[in-house]
Amino acid sequence: MNSTLVFDPAVYALMALEKAVYRFSDRFTGQIETTPTGLQVTLKPKRGDMSKETHQAALDDFQTEVQDQNLREKIKLETAPIRNLILAHAFSRTGLVSQ
């Protein structure tokens, strides 16, 4: 009962998909491919006895995880300059960087 989901690369980051697949590695084996229609994720359940309802619930949870990871990637990019400034300031007072 493999499932294939396609994500628009203009909306979803590849890194977000990779992280979501990793987070669900206890339930699915996952493969990500770039296709003409988008980023294709194929999920294969690790348990062969997964019911249809359990399988659908896991897919719904996976899509929620993809959205969560995608938002985390956007926030990471938006806050990178501030994070780098804070780290630079913190390390400038440690003596690790010669003045």
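A residue is termed buried when its relative accessible area is under 20%, exposed when over 50%, and partly exposed in between (1.4 Å probe, protein chains only). By this criterion phenylalanine 24, at 6% relative accessibility, counts as buried. The model is predicted: local features need pLDDT of at least 70, side-chain atom pairs count only at pLDDT 80 or more, and totals for chains, interfaces and linings use all residues. Residues are numbered from 1 along each chain as its sequence is written, and side-chain values use heavy atoms, with hydrogens and water left out.

The protein chain contains two helices and three strands, in the order β-α-β-β-α from the N terminus. Helices (H or I, at least four residues) and strands (E, at least two) are DSSP runs, numbered from the N terminus. The radius of gyration, taken over C-alpha atoms, is 19 Å, well over the 13 Å that the globule rule (2.2 Å times the number of residues to the power 0.38) gives for 99 residues, so the protein chain is more spread out than a compact globule. Along the principal axes, the C-alpha atoms fill a box of roughly 60 × 30 × 20 Å. Of the 99 residues, 28% count as buried.

Strands E2 and E3 (residues 38–45) run antiparallel and are joined by eight bridges; strands pair if DSSP finds at least two bridges between them. Two residues separate E2 and E3 in a hairpin. Phenylalanine 28 has proline 45, in E3, as its bridge partner.

Not counting residues up to four places away in sequence, valine 66 touches Phe7, Tyr12, Ala16, Leu17 and Ala20, where contact means heavy atoms within 4.5 Å.

Two aromatic pairs are present. Rings of Phe, Tyr and Trp (its six-membered ring) pair if their centres lie within 6.5 Å; planes under 30 degrees apart count as stacked, over 60 as edge-to-face and the rest as tilted. Phenylalanine 7 and tyrosine 12 pair edge-to-face, at 5.1 Å centre to centre and 75° between the planes; both residues are buried. The rings of phenylalanine 24 and phenylalanine 62 have centres 5.6 Å apart and planes at 90°, so this pair is edge-to-face. The pair links distant parts of the chain, 38 residues apart: phenylalanine 24 lies in the loop between helix H1 (14–23) and strand E2 (28–35), and phenylalanine 62 in helix H2 (residues 52–92). Phenylalanine 62 is buried, with a relative accessible area of 0%.
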